[in-house]
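Good morning, colleagues. I would like to take a few minutes to walk through one model, moving from a single residue to the chain as a whole.

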Amino acid sequence: MNYADTTAPIYSELIREQGDVPGDVRRTAEEVLRDLSRVIQMPPAGLGPTGAPMQ
């Protein structure tokens with residue numbers, strides 16, 4: 001998603017000048033999580049490290 005199309009003009013200008021840094025960070029984080037999920041078995045969201053529901 002390109003936030004330059006949906007936000008204030010100043011943000012659009014910053015994206016043109018600097019690139020979509022938040023978007024790049026988000027995509028990189030998602031890629032890292034996908035890579036880690038192949039190596040580390042993680043419990044589903046809402047469960048603690050032992051698999052028990054989080055309080």
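**From one residue to the whole chain**

Let me begin with isoleucine 40, which is partly exposed at a relative accessible area of 43%. Please bear in mind throughout that this is a predicted model. The class follows from the cut-offs: buried means under 20% and exposed means over 50%, so a residue in between counts as partly exposed. Isoleucine 40 sits in the segment after α2.

Helix α2 runs over residues 21–39, a total of 19 residues. From first C-alpha to last, α2 reaches 27 Å, close to the 27 Å expected at 1.5 Å a residue. The N-terminal end of α2 is capped by aspartate 20, which places a side-chain oxygen 3.2 Å from the backbone nitrogen of glycine 23.

I turn now to the charged side chains. How many salt bridges does the structure hold? There are two.

One of them pairs aspartate 24 with arginine 27, with the closest N and O atoms 2.6 Å apart. Both residues belong to helix α2 and are three residues apart, about one turn of the helix. As a general point, an α-helix has 3.6 residues a turn, so residues three or four places apart point the same way. Aspartate 24 is partly exposed at 38% relative accessibility, and arginine 27 is likewise partly exposed, with a relative accessible area of 41%.

There is also a salt bridge between the side chains of aspartate 35 and arginine 38, at 2.9 Å from N to O. Because aspartate 35 and arginine 38 are three residues apart in helix α2, about one helical turn separates them.

Finally, the chain as a whole. The protein chain has two helices and zero strands. Of its 55 residues, 11% are buried. The chain exposes about 4,800 Å², and carbon and sulfur atoms supply 62% of that area.

Thank you for your attention.

Definitions and conventions
Residues are numbered from 1 along each chain as its sequence is written. This is a predicted model: local features need pLDDT of at least 70, side-chain atom pairs count only at pLDDT 80 or more; totals for chains, interfaces and linings use all residues. Side-chain values use heavy atoms; hydrogens and water are left out. Helices (H or I, at least four residues) and strands (E, at least two) are DSSP runs, numbered from the N terminus. The expected span of a helix is 1.5 Å times one less than its number of residues. A polar contact is a pair of N or O atoms within 3.5 Å; within protein, one must be able to donate a hydrogen and the other to accept it, and residues adjacent in sequence count only if both atoms are side-chain atoms. Buried means under 20% relative accessible area, exposed over 50%, partly exposed in between (1.4 Å probe, protein chains only). Accessible areas come from the Shrake-Rupley method with a 1.4 Å probe; for residues, only the protein chains shown count as cover. A salt bridge is a side-chain nitrogen of Lys or Arg within 4 Å of a carboxyl oxygen of Asp or Glu.
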